[in-house]
Amino acid sequence: MDREALLLTINELHRAVEAGLSPRGENVRPLIGVSANQKEGLSCINNTYIQSVADAGGAPVLIPVTTNLDALSAIVSQLDGLLLTGGGDINPLMWEEEPIPALQEGDPVRDTYDFMLLKLAADRCMPVFGICRGHQLINMAFGGSMYQDIRTQHPTETIKHSQQHDKAFASHTVTVEPNSLLGILTDNQDKIKVNSLHHQAVKEVAPGFKANATASDGINEGMEAYPFYPLFSVQWHPETMAAAGDELMSELFRFHIEEATLYNLAKSIHRTILSIDSHCDTPQFFDEDFDIGRQGPSKVNLPLMEMGHIDAAFLVAYQAQGERDDQSLQEASDFAFRRFRQIREQVALQEQRVGVATNTADLIRLKKEGKKAFFIAVENGYAMGKDLRNLERFKEEGVTYITLCHNGSNDLCDSAVGEPEWSGLSPLGKEAVQEMNRFGIMVDVSHASEATFYDVMKESSVPVIASHSSVRALCDHPRNLTDDQIRAIAAKGGVVQICLYNEFINPEPAKASIDDALEHIRYVVDLVGVDYVGIGSDFDGGGELLGCRSSNELIQITVKLLGLGYTEPEIEKIWGGNLLRVMNAVQQAAGVDQLSNN
C-alpha cells in the first residue's frame, strides 16, 4: 500500500469513527483488549490506557492475567484489536539469555500471558498496538533482540530514558522516519516530543518490521510491520500524553481504533457471505499422523480457516506429470482415488467441524451448522489416464473440477510450460471436456497452454474456471492469463481465481506481497468487471505472499478490499459468489441434483 492509498484509508476510517458508524452503517465501537498488570492478586492497569482507547472511539476491555490458553483464545476471538501495555521487565530467559545484574523485577506469569495474547492476536491478523513493554515484547516475539539494561549495555546512551516528572509531559525527542506509518500519522514531522520510562529497550528490530522512530542516542523508539501486517509499537507512553489532551498521541490511538473498525467489518462480512479458496494442495500432507483439525505443517487446516474466517477450500488430488504407459496411467488413476479417500478420512476425523461439499446447498448447510466445507478437485487430468469412464467415477467421488494438465503435456492437452504435443486439446481431450460438461464437472484451464485454452473455449458448452491463475499483463509468466484470455473467460460466464503464488504475482518473486495480489484482482475488475474474479491461493502447493502466507491470513484480503473501497456485495462475489455461480451453471446444465446430499 503506497502513501496515498494509506492516507485515503485513514481519512475514510476517520470519518466513519467520528460518526460512530462503520462503513456498513452500523453503530460500532470496536472491542479493544487491553493487557493487564498483575499486582497483589489483581489484574489491573492504569486508567489512562482505558481513557485513551475510549476517547479514540474504541470499547476497552481489560483482559485478566491468566495462562489458560482456552480462556484467552475465547476472549481474543471476540476482539477487534489488542493493546499491549507497559509494565515490568521481561525475563531474558524467555529468549534464552542469562539475566544481568541490572535486570529489575518482572513477572514470569505476565510474560507468558502477554506472549500468548500476542500470538493469538497475530495469528488472526488482528490490529495490535504495543506500548513500552508491549513494544519490546512484539520485537522479541518476532525474532528481534533486546537490551536488558541500556545503561550498562548501550554505552552511547546520552539522554535520560527514565524520567522522574509526570509522564503526561515529554522528556526528550525522537526522530521519525519520513513516510513511515508513524510519519504519516504525525504529519511527517522530523522530530516529535515523547515521554520516557524504561531501561530495557529494543536492540535489533525483528525481521519483517522497520524502525520508525529513534532517540538522539540511537535507542529504538518505534517500529511497524505495515503495510503487510497491522502491527505497530512505540517505546514511550502515548496513553498518558493522550489522556492529558496531546493530539499527536491521540492520533496513534485513533488509527488503532480505525484499523480495528475495519477488521470488525471484515469479520462481520465473513459471517454472512460464503468465502471460498478455490485451490489448495493440502492433501500432499495427508499421512497417518496428519490431522486437519490441528495446526501443523500445512497452510490450510481447520484452526487456520477458523482464524481467517474462511468457509470452504477446494482440496485437490494433485500429482505431477509422469510417464504415460499403461501401467503408469493406471497408477495415476489409483493415486487419485487414494487421495479422495484420504480427504474423506480427514473429514471423518473432524466431522463436528467440517464436511464434504459437492454443491452450493451443501456449503450453505454446513455454514449454518457452524462447520467448514471441503470441496474435492483433481489437479492434472493425467489422473484420468485414457479412460473416459474415470470421469463418471470422479463425479461419484464428489469431484467438482478437474485441472486439465499440470507442468507438461499429457494425453488430454498441452501445458503452459514444456514442449507442445497436440497444438491444444488432443482428440481425447476434446471428448473429456464434453464429458465433464455432461457430468457437471467444471473444466479448469489453469496450467493449460493458450492453444489448449482456446480449444476449451470452443468445446465447452458451459462456463469454465481458472482455479489458480493471475494476470500476465502484471506479471509476464506463461502460467498467467492474457487480457484476451480473461475477456474470453468472462464472455463465457466463467471466473478467474487469482493465484497467490509469488512467481505469478510479481516479476520479482521475493517482493511479491498481498498488495500485489490486490492489484491483480483490481486489474481483472477493471478489465471485465467484478463478476469474473475470485481467489485460489495455491497454499501447500507453493502459494505464499508477504502478508498472506496461510488460510488464517486470508482475512487480510477482505480488510484491504474494504480499504480500497470495495462494497460488501462486491466482496461477496470475489470471495465465492462468482465461483458458485459458475459451479451452479455447470451442474444445472448437466441436470445434476442441486440438493444437499452429504
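A: Start with the words for elements: helices (H or I, at least four residues) and strands (E, at least two) are DSSP runs, numbered from the N terminus. Pro-227 is in the loop between strand 12 and strand 13 (231-234). The peptide bond from Tyr-226 to Pro-227 is cis, with omega near 10°. This is a predicted model, where local features need pLDDT of at least 70, side-chain atom pairs count only at pLDDT 80 or more, and totals for chains, interfaces and linings use all residues. Residues are numbered from 1 along each chain as its sequence is written, and side-chain values use heavy atoms, with hydrogens and water left out.

Q: Why is Asp-444 called buried?
A: Set its value against the cut-offs: buried means under 20% relative accessible area, exposed over 50%, and partly exposed in between (1.4 Å probe, protein chains only). Asp-444 has 0% relative accessibility, so it counts as buried. Asp-444 sits in strand 19 (residues 442-444).

Q: Which residues does Asp-444 touch, not counting residues up to four places away in sequence?
A: Contact means heavy atoms within 4.5 Å. By that rule Asp-444 touches Tyr-401, Ile-402, Thr-403, Leu-404, Ile-465, Ala-466, Ser-467 and His-468. Asp-444 and Val-471 are 27 residues apart in sequence, and their C-alpha atoms are 16 Å apart in space.

Q: How do you know whether Gln-485 is buried or exposed?
A: Gln-485 has 2% relative accessibility, so it counts as buried. Gln-485 belongs to helix 16 (residues 483-491). Its contacts, leaving aside neighbours within four places in sequence, are Glu-450, Phe-453, Tyr-454, Arg-472 and Asn-480.

Q: What makes helix 19 count as largely enclosed by the rest of the structure?
A: Count its buried residues. They make up 9 of the 9 in helix 19 (residues 555-563), so the helix is largely enclosed. Among them are Ile-555, Val-559 and Gly-563. Just after helix 19, Gly-565 takes a positive phi of about 95°.

Q: What makes Arg-151 and Asp-149 a salt bridge?
A: The rule asks for a side-chain nitrogen of Lys or Arg within 4 Å of a carboxyl oxygen of Asp or Glu. For Arg-151 and Asp-149, the closest N and O atoms are 3.7 Å apart. Side chains of opposite charge can pair when their charged atoms come close.

Q: Are the two partners, Arg-151 and Asp-149, buried or partly exposed?
A: Arg-151 has 44% relative accessibility, so it counts as partly exposed. Asp-149 has 4%, so it counts as buried.

Q: How do you know that Lys-210 forms a salt bridge with Glu-224?
A: The closest N and O atoms of Lys-210 and Glu-224 are 4.0 Å apart. This pair links distant parts of the chain: Lys-210 is in strand 11 (residues 210-215), Glu-224 is in strand 12 (residues 220-224), and 14 residues separate them. Lys-210 is partly exposed because its relative accessible area is 39%. Glu-224 counts as buried because its value is 1%.

Q: What is the N to O distance in the salt bridge of Arg-365 with Glu-369?
A: The closest N and O atoms are 3.5 Å apart. Arg-365 is partly exposed, with a relative accessible area of 23%. Glu-369 counts as partly exposed too, at 42%. Elsewhere, salt bridges that share partners join Arg-110, Asp-111, Asp-114 and Arg-133 into one network. The count by this rule comes to 28 salt bridges.

Q: Which residues form the negative surface patch?
A: They are Glu-323, Asp-325, Asp-326, Glu-331 and Asp-334.

Q: Where is Cys-125?
A: Cys-125 is in the loop between helix 4 (108-123) and strand 6 (128-131). Cys-125 has a positive phi of about 55° although it is not a glycine. At 6% relative accessible area, Cys-125 is buried.

Key
Patches are made of residues with over 30% relative accessible area and no salt bridge: like charges are joined within 9 Å, nonpolar side chains (Val, Leu, Ile, Met, Phe, Trp, Tyr) within 5 Å. Accessible areas come from the Shrake-Rupley method with a 1.4 Å probe; for residues, only the protein chains shown count as cover. Lys and Arg count as positive and Asp and Glu as negative; His and the chain ends are not counted. The place of a charge is taken as NZ of Lys, CZ of Arg, CG of Asp or CD of Glu.
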